[in-house]
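Subject: Predicted model, with notes

Hello,

Please find the model below.

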Amino acid sequence: MELLTGPGPGVSTVVIIGNFDGVHLGHQALIHQAKEIGAMHGWPVVALTFDPHPSLVLRPNPPKHYLITPRDLKLHWLDHYGVDFVRVLSFDHNLAMVPPMAFLALEVQQKLQAQAVVVGYNFTFGAGGLGTAETLKQWGAASHVKVRIVEPVNADSVVVSSSAIREHISQRHIDKANELLGHPFSVQSVVYHGEGRGSTIGIPTLNLLPVEQQIMPPFGVYAGYVTIGEANNALLPAVANWGIRPTFGGHKPVLEVHVIDQTLPDLHDNVVRFDFQQALRSEQKFESVDELIRQIHYDVDRARQLL
């Protein structure tokens, strides 16, 4: 996948437009239908998306922890599902004031040479959010651009949406969030130097810091998988503690990830992704380090069995 920072790809394209927060099953339906159209005509698929998320710019009191997939993770999953090009528009109040038809003419038709556009049923765009899927269809008819509107996607009788996924994550329902996502909820970070306490008790950890705007589940212990490096597909079973480490009097939240049954080299400054699979328990303060160590070994055993 190529990130477009200058001119468009220079060929006719199929364009999908959206925030794509989570790149969930609904977004994947857009990609699938765009790829179908592209395959019939030999057109690559371009995802037109925005950063920062419009909600973080337009709301009077923007939520502090909101994003399911910060920029790098969003690009990762768009690539994973087969998008050929991505253009990330810098979203600010100036872009928010562009009229719907002007946005389509400049950003979609002129810059990306769109011959087809695929969006979701609840798509809105342009100044005041006045552009809708119906607006897009009218523009497409006048501009000779194919327009396809994708209907809601349901999973277990629930309409898949970023809002529903955020709710599941906030309630520690990782399995339900992952079902709507179609892939794991993840945190990706450069490994930073911690206090080295894990190694001294025989349970070394990789210390990750989620992007500040990313939504996170409640503090607790989670089973999941680690991927080391952005191009690596190897999944290593792991157990992670997300929290402030109250037994040691910590205050700053950190994701401490222990890779199970592996001896790893020094990975400081390497990019690591942790894929959440299942919640094990809440974070708690122990009366002694020995009691904490016993609990961690129990958590590791549970994670080993689950994964």
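A crossing of two helices is called left-handed if the near helix is turned anticlockwise from the far one by less than a right angle, and right-handed if clockwise. Helices (H or I, at least four residues) and strands (E, at least two) are DSSP runs, numbered from the N terminus.

Before the details, two remarks on the source. This is a predicted model, in which local features need pLDDT of at least 70 and side-chain atom pairs count only at pLDDT 80 or more, while totals for chains, interfaces and linings use all residues. Residues are numbered from 1 along each chain as its sequence is written, and side-chain values use heavy atoms, with hydrogens and water left out.

Helix pairs

Two packed helices are described by the angle between their axes and the distance between the axes. Axes are lines fitted to C-alpha atoms, for helices over the stretch in contact, and angles run from 0 to 180 degrees between N-to-C directions. Angles under 35 degrees count as roughly parallel, over 145 as roughly antiparallel, 65 to 115 as roughly perpendicular and the rest as oblique.

Helix H5 (residues 100-110) packs on helix H6 (residues 133-143) at an angle of about 60°, and their axes are 11 Å apart. H5 and H6 are therefore oblique to each other. The crossing of H5 past H6 is right-handed. On the H5 side the contact (heavy atoms within 4.5 Å) is made by Met101, Leu104, Ala105, Val108 and Gln109, and on the H6 side by Thr135, Leu136, Trp139 and Ser143. By class, these residues are six nonpolar, three polar and no charged. Here Ala, Val, Leu, Ile, Met, Phe, Trp, Tyr, Cys and Pro count as nonpolar, Asp, Glu, Lys and Arg as charged, and the others, Gly among them, as polar.

For H7 and H8, the axes come within 7 Å and cross at roughly 160°. The two helices H7 and H8 are therefore roughly antiparallel. H7 passes H8 in a left-handed crossing. H7 contributes Ala164, Ile165, His168 and Ile169 to the contact, and H8 contributes Lys176, Ala177, Leu180 and Leu181. This contact of H7 with H8 has six nonpolar residues, one polar and one charged.

Buried means under 20% relative accessible area, exposed over 50%, and partly exposed in between (1.4 Å probe, protein chains only). In H8 (residues 174-181) the buried residues are Ile174, Ala177, Asn178, Leu180 and Leu181. Seen down the axis of H8, they fall within an arc of 160°, so they line one face of the helix; the arc is that of the directions from the helix axis to the C-beta atoms. An α-helix has 3.6 residues a turn, so residues three or four places apart point the same way. Among the elements covering the buried residues of H8 are helix H1 (25-41), helix H7 (162-170) and strand S16 (271-282). Just after H8, glycine 182 has a positive phi of about 85°.

In helix H3 (residues 71-80), Leu73, Lys74, Leu75, Trp77 and Leu78 are buried. Their cover includes strand S1 (2-4), H1, S3, strand S4 (85-90), S11 and S16. Glycine 82 follows H3 and has a positive phi near 100°.

Single residues

Isoleucine 17 is in strand S2 and counts as buried at 2% relative accessibility. Not counting residues up to four places away in sequence, isoleucine 17 touches Leu30, Leu48, Phe50, Val108, Val117, Val118, Val119 and Phe123.

Glutamate 283 lies in the loop between S16 and helix H10 (289-306). With 18% relative accessibility, glutamate 283 counts as buried. Glutamate 283 and glycine 243 are 40 residues apart in sequence and 6.7 Å apart in space, C-alpha to C-alpha. Residues touched by glutamate 283, beyond those up to four places away in sequence, include Phe219, Trp242, Gly243 and Arg245.

Backbone geometry

Valine 23, in the loop between strand S2 (13-17) and H1, has a positive phi of about 45° although it is not a glycine. Valine 23 counts as buried, at 0% relative accessibility. Aspartate 156, in the loop between S9 and strand S10 (158-159), also is not a glycine and has a positive phi, near 55°. At 63% relative accessibility, aspartate 156 counts as exposed.

The peptide bond from aspartate 51 to proline 52 is cis, with omega near 0°. Proline 52 is in the loop between strand S3 (45-51) and helix H2 (54-58).

Regards
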